[in-house]
Each structure stands twice: as C-alpha cells, then as structure tokens.
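This report describes a single protein chain, moving from its overall architecture to individual residues. The sequence and the structure are shown below.

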Amino acid sequence: QQQQERREEEEEEQQRQRQQEQEQEREEREEQEQQPDTGPETTPPAQSGGDEAATDAAWGRLICLAPEPGIHELKQRQCVMGRTTNAHAQIQIDDGRVSSSHCKIFRTPEGAVQLLDCSSNGTYVNGKAVGKSRLLILSSGDEIALLNPSAKAHEAAGGGGGGGKPTHYHYLYQDLRRYATSPPGDAPPPSQPQQRQLPPPLPPPLPPPQPPPQAPAQHPSPQQPPPPPPP
C-alpha cells in the first residue's frame, strides 16, 4: 500500500511538472507574439563589409560567475540567452525555469548596448528586476542574473533551485570597446620627465644658548679702625 501511495505521488508530481512546462511554453509563445519591435538591431541585415560584418572582433563579453565560470564573447550584433530548447540562443541553459528566449543583449545603431527582458521568471541587472518586455541600457561592469538572485528567493527555494539546479545564473558584462587601441593621432603626448627638485637648504644652526650675565660680586669693605682718642 505504501509503495502504491508513493507511485501515485510520483505520478502526481510528474503531471504537475508537465502542466508547468506546458504553461510556461504557452506563456513563451504569447510573449514572443507580444514582443515589442526593438528596431533593426534585433534582426540585423547581412552586410558584405564594414564593422557589422567583422564578427571576428568581439565588442563585448559575458563572464559567467555562477554556477560555473566561463567566458562568452559577444561578436554578433545580438546575443540571445535562453533554454537549451532554443536552437537560436547563443547562450543556452539547461533549466526549465529559464525561458526559451530569456533575454536579448544587442547594440543599437547609436552604439549603445541594451538588454531586453523576455522572461517569465525574471531578469535582474545589479540586483534589480528589469521587467518583462522592458529595455535597459547596459554599462560595462553590470551584473546580469537570470532568475531571482536575492537571498529571500534562495531561502524560499530551500537553498537551491530544486532538482539540483542553481538558484540563479550570474553573469558580468564587459564592454571591450573601452579597451580598443586608440589611433596614433588620438594617442596622448608622452609625458615629459620631471626634473628632480632639490630640497631647500637647511637654515644655519642656532648658536648655543648663553648663560645669563651674573652681577659682579660685592665684597664687604673692610671696617676702618676708630679714630684714636684725643690727647
């Protein structure tokens, strides 16, 4: 009887998981239909030359800090972070809580780097939720988290994401364009060597203190004998 109850509980748990996955897939389909148009940057046209076609040089980098360290070079104009079921995602994560297209990082024609949150369970930048279907401008050094990175979320999940999954996925964005080599004409002039400054001369030594003048000693005058008595 106990084995039968356990089997029933396992079947119910599997059924709940299937329903949750179906519900999440349905939400992802709806969010993809309702996604705002982010301009030509999300679907960049193919070009034969120029900066857009030069995909060998990375313009940005995503450094994975947790759960496993790693580095992802950003060479295309758009980077999709999502679940492994999305074959078009450049960064794929094997976790059912991660949306198929969780978020997108892309460059605008003006050169800014933006993040579009497409997730159901949240994308966080520097600990703050971006918000579904909202854009946020990224700066070098920003920390990106897929799923909630707060301590309360960790406690609610029992110290983990369930099923041995991490609570969240943590990345550091780095803008490599800041470290590009400047043209020779823009290079700052070399600094001139500074002449060594000698320290100022020391003041002359003070004379030793003189003892205060002493008054001359007064010797008592010898007493003269009294005059002789008259004859």
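## Overall architecture

The chain contains 2 helices and 11 strands. The model is a predicted one. Read from the N terminus, the order of the elements is α-β-β-β-β-β-β-β-β-β-β-α-β. Helix 1 covers residues 2–33, and helix 2 covers residues 151–156. Strand 11 is formed by residues 169–175.

Of the 231 residues in the chain, 27% are buried. The accessible surface amounts to about 17,200 Å², and carbon and sulfur atoms contribute 51% of that area. Among contacts with a separation of 6 or more, 50% are between residues 24 or more positions apart.

## Salt bridges

How many salt bridges does the structure hold? There are 3. In general terms, side chains of opposite charge can pair when their charged atoms come close.

One of the salt bridges joins the side chains of Arg61 and Glu73, with an N to O distance of 3.2 Å. This pair connects distant parts of the chain, since Arg61 belongs to strand 1 (residues 60–66) and Glu73 to strand 2 (residues 70–74), 12 residues apart. Arg61 has a relative accessibility of 22% and therefore counts as partly exposed. Glu73, at 38%, is likewise classed as partly exposed.

Asp95 pairs with Arg97, and the closest N and O atoms of this salt bridge are 2.6 Å apart. Asp95 is buried because its relative accessibility is 3%, and the cut-off for burial is under 20%. A further salt bridge links Asp175 to Arg177, where the closest N and O atoms lie 3.1 Å apart. Is Asp175 buried or partly exposed? With a relative accessibility of 11%, Asp175 counts as buried.

Leu172 is located in strand 11, which spans residues 169–175. At 24% relative accessibility, Leu172 is assigned to the partly exposed class. Which residues does Leu172 touch, leaving aside those up to four places away in sequence? They are Arg61, Leu62, Ile63, Leu65, Gly141, Asp142 and Glu143.

Leu172 and Ile63 are 109 residues apart along the chain, yet their C-alpha atoms are separated by 5.0 Å. Arg61, which is also among the residues touched by Leu172, is the residue that forms the salt bridge with Glu73.

## Surface charge in helix 1

A patch of negative charge on the surface is formed by Glu5, Glu8, Glu9, Glu10, Glu11 and Glu12. Glu12 lies in helix 1, the element made up of residues 2–33. The relative accessibility of Glu12 is 46%, so this residue counts as partly exposed.

## Loops and backbone geometry

The peptide bond from Ala66 to Pro67 is cis, and its omega angle is near 5°. Pro67 is situated in the loop between strand 1 and strand 2, the two strands that contain Arg61 and Glu73 respectively.

Positive phi values occur in residues other than glycine, including Ser133, where phi is near 65°. Ser133 sits in the loop between strand 8 (128–129) and strand 9 (135–137). Its relative accessibility of 34% means that Ser133 counts as partly exposed. Leu147 also has a positive phi, near 80°. Leu147 occupies the loop between strand 10 (143–146) and helix 2 (151–156). At 4% relative accessibility, Leu147 counts as buried.

Ser99 is found in the loop between strand 4 (91–93) and strand 5 (103–107). Why does Ser99 count as buried? Ser99 is placed in this class because its relative accessibility is 0%, and residues under 20% are treated as buried. The C-alpha atoms of Ser99 and Thr84 are separated by 9.5 Å, and the two residues are 15 residues apart along the chain.

Methods
Residues are numbered from 1 along each chain as its sequence is written. This is a predicted model: local features need pLDDT of at least 70, side-chain atom pairs count only at pLDDT 80 or more; totals for chains, interfaces and linings use all residues. Side-chain values use heavy atoms; hydrogens and water are left out. A salt bridge is a side-chain nitrogen of Lys or Arg within 4 Å of a carboxyl oxygen of Asp or Glu. Helices (H or I, at least four residues) and strands (E, at least two) are DSSP runs, numbered from the N terminus. Buried means under 20% relative accessible area, exposed over 50%, partly exposed in between (1.4 Å probe, protein chains only). Contact means heavy atoms within 4.5 Å. Patches are made of residues with over 30% relative accessible area and no salt bridge: like charges are joined within 9 Å, nonpolar side chains (Val, Leu, Ile, Met, Phe, Trp, Tyr) within 5 Å. Accessible areas come from the Shrake-Rupley method with a 1.4 Å probe; for residues, only the protein chains shown count as cover. Lys and Arg count as positive and Asp and Glu as negative; His and the chain ends are not counted. The place of a charge is taken as NZ of Lys, CZ of Arg, CG of Asp or CD of Glu.
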